[in-house]
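Please open the model in a viewer and keep the selection panel at hand. The stops below move from strand pairing to a pocket and then to a neighbouring topic.

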Amino acid sequence: MDKIGAPERSRLLSQQVSAGRYFFLNLAPDARLPLTLVMGGRERCDSDYHILRTSFPFHVLEYVEAGCGTVRLEQTTHTLAPGVVFAYGPTTRYEIVTDPRDRMIKYF
């Protein structure tokens with residue numbers, strides 16, 4: 001169950017998806033504990049999927065199931081394709097863009 005004061009789910013998830021399934025365990029984990037699974041999901045990106053953030057409250061691991069795109073982590077850009085896994089942390093500046101002709105399906 002989410003704790004009061006946890007980040008709102010809507011702020012954590014992109015609205016640029018045509019289909020998404022999510023689970024939420026605890027969006028306010030004890031900071032004294034090691035890494036904790038707080039949420040996850042599967043998203044089919046819309047053709048205009050473009051996320052640009054300078055921070056995020058959690059460490060994130062993402063896996064591209066299908067489609068392609070790019071991810072820029074700080075100043076380095078990487079190609080995304082099926083089978084690619086990437087990660088970012090709370091202070092990482094990142095940008096994720098799908099190819100509108102081959103939209104990504106990804107897990108996080």
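Two strands pair if DSSP finds at least two bridges between them; strands are DSSP runs of E of at least two residues, numbered from the N terminus. This is a predicted model, in which local features need pLDDT of at least 70, side-chain atom pairs count only at pLDDT 80 or more, and totals for chains, interfaces and linings use all residues. Residues are numbered from 1 along each chain as its sequence is written, and side-chain values use heavy atoms, without hydrogens and water.

First, select residues 69-73 and 94-98: these are β5 and β8, joined in the antiparallel sense by five bridges. Within this pair, Val71 stands opposite Ile96 of β8.

Next, select Val38, Phe56, Phe58, His59 and Val60, which lie nearest the centre of the largest pocket among its 31 lining residues. A pocket here is an open set of points on a 1 Å grid where a 1.4 Å probe fits, with protein on both sides within 12 Å along at least five of seven lines; lining residues have an atom within 4 Å of a point. β2 (39-45), β3, β4 (60-66) and β8 each supply at least two lining residues.

β2 pairs antiparallel with β1 (17-24) over seven bridges, and Glu43 of β2 is the bridge partner of Gly20. Three bridges also join β2 to the antiparallel β9 (105-107), where Ile105 partners Arg44.

Notes. Helix = DSSP H or I, 4+ residues; strand = E, 2+ residues; numbered from the N terminus.
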